[in-house]
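Subject: Structure handover

Hello,

I am passing on a structure for you to look through. Please open it first, then read the notes under it.

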Amino acid sequence: MKAHLMRGAACLALCLAALAARAEPDAGEDLYRRGTLGSGAPIKAVRAGGGEIAGREAACVNCHRKSGLGGAEGRFVIPPITAKYLFRPRGMEISGVDQRYGTAWQPGAEPYDEAGLARAIREGRGRDGRALNALMPRFAIDDADMAALTSYLRGLSAAISPGVSADTLHFATIVTPDADPARRAAMLSVLENFFSDKNAFIRGGMRPMHTAKTFSYRVTRKWALHVWQLTGAPSDWEDQLERHLAEEPVFAVVSGLGGREWAPVHRFCQRQAVPCLFPNVDLPVVAEGDDYNLYFSKAVLLEAQLLARAVAGNGGAGRLVQVYRDGDIGAQAATVLEAAAGVAQALRPIAAGAGDEALARALADVGPDDAVALWLRPEDMRRLPARFPGRLALVSGLMAGLEHAPLPDAWRARTLMAYPFDLPEQRRVRMDFPLGWFSVRGIAVTDERLQSDTWLACRILSESLGDMGDNFYRDYLVEQTEAMLSRRLVNAYYPRLGLAPGQRFASKGGYLLRFDGARPVPAGEWIVP
């Protein structure tokens with residue numbers, strides 16, 4: 001009995017040890033992504049021109065990116081360092097290499113072995129013994145850490161991501177239950193037509209690419225769209241999304257539609273490492289450190305920052321009175337403005353469903369020196385009293401209907417509106433592209449901004465995939481999207497888009513508009529808070 005118990009205890013100890021080992025962070029991943037050695041100390045490196053770097057500043061991920069597939073910016077080129085490229089058998093051509101890498105990738109070059117890779121990392125010398133590019137630091141790294149890093153590189157971007165089959169790329173779009181049904185239909189009309197176009201273009205099949213010599217035969221797969229319609233309370237959405245993903249693995253989420261809540265969707269995409277590209281949400285999650293959620297802008301939160309500039313630039317002795325509906329996205333925007341404005345304030349929440357008398361009470365004590373910030377929908381704008389009681393009206397363009405906001409004339413004459421888009425006249429030529437596309441396909445334009453944003457999200461996805469060859473890795477999709485955005489010229493409502501590594505909001509500014517009668521005019525230049 002005693003021997004039996006001892007054997008059981010030994011078995012339990014071994015199991016616990018195995019579990020603990022699996023729970024420990026990967027030493028190679030820590031070094032690659034965070035610049036941390038196995039000892040816990042920061043890695044140190046010296047640049048070719050002098051100067052030391054250490055820790056996160058010296059982490060491989062900063063240049064070679066999370067995917068390990070590198071990148072290119074102008075004449076500066078960072079080659080891929082995954083096993084597929086480093087350790088390929090001699091004479092084996094590599095398919096799908098990004099042609100922008102140019103001379104940084106030489107298919108006929110000798111492959112690295114482990115000793116050669118160690119020399120490159122420690123001494124900055126390549127396969128042929130010549131010095132590597134001056135961008136490549138020289139790292140102080142011992143044999144144990146080198147082995148851990150080499151092991152990590154062998155597994156990095158080694159398996160194609162879920163949602164990719166031999167002939168199909170699977171994508172999801174996510175719709176929350178509080179999203180307006182008419183807007184859902186408008187968004188899906190664009191998505192379904194775009195996906196249909198992609199699949200019609202490749203009808204008849206395309207020969208898949210096998211070697212670099214047949215690069216013109218780019219891997220062309222059909223696009224499949226899965227609509228994940230959420231139900232119930234936000235607390236249940238992440239479980240629903242987990243089930244959807246298990247039943248229908250997807251490569252990425254494209255567009256999507258939210259109402260007052262999007263945070264559970266954001267958390268799910270971040271946790272599952274599924275890129276979520278440019279959903280139609282006016283209250284995004286601000287978490288710049290998260291990797292997988294990309295938004296067009298901070299939306300009403302950006303508007304709050306723009307309106308804070310208006311408060312600072314329009315002096316007065318009065319208060320800032322903020323009016324919003326409980327449970328709507330204006331509540332969070334009002335909080336941001338409250339923190340940024342730096343003046344005496346009064347918050348006037350209106351209960352959801354309350355009528356005209358509630359709005360009148362919220363404005364009852366507004367004095368002639370006060371500014372009034374309105375985080376209200378068009379139906380509430382129409383209920384405003386004909387006489388404006390204050391000094392300045394600050395209006396959320398996104399919530400009120402942009403330049404079509406139904407403001408009473410007396411309010412319009414005193415209004416500054418936050419406008420996180422290009423001006424209507426300035427975007428007119430760019431809008432010919434999506435509007436022409438809608439016309440040719442017989443798509444009724446019922447929500448121009450939402451439909452053009454959905455079209456733009458699909459275009460960005462298509463162009464990013466076009467730069468990926470057959471490297472279908474989720475991390476690489478995010479990296480390629482970051483790289484190509486600043487090269488785009490046709491961005492619908494947005495004057496410019498751009499994402500650096502670690503940035504999640506592609507459009508970073510907006511205008512303050514005033515009204516000349518019914519015509520909106522800029523009160524100044526484009527503002528980036």
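Predicted model: local features only at pLDDT ≥ 70, side-chain atom pairs only at ≥ 80, totals over all residues.

Residues are numbered from 1 along each chain as its sequence is written, and side-chain values use heavy atoms, with hydrogens and water left out.

Parallel sheet

Five strands make an open sheet with parallel pairing, in the order S7-S6-S8-S9-S10. Strands here are DSSP runs of E with at least two residues, and helices are runs of H or I with at least four, both numbered from the N terminus. Two strands count as paired if DSSP finds at least two bridges between them. Strands S7 (222-229) and S10 (293-294) are at the edges with a single partner strand each, so one side of each has no neighbour in the sheet. Within the sheet, S6 (residues 168-175) runs parallel to S8 (residues 252-254), joined by 2 bridges; Phe 171 has Ala 252 of S8 as its bridge partner.

Antiparallel strands

S15 (residues 415-419) pairs with S16 (residues 511-516) in the antiparallel sense through 3 bridges, and Tyr 419 is opposite Tyr 511 of S16. S16 also runs antiparallel to S17 (residues 519-522), with 4 bridges between them. Here Leu 513 is opposite Pro 522 of S17. S16 and S17 form a hairpin with 2 residues between them, and Gly 517 in the turn has a positive phi of about 70°.

Regards
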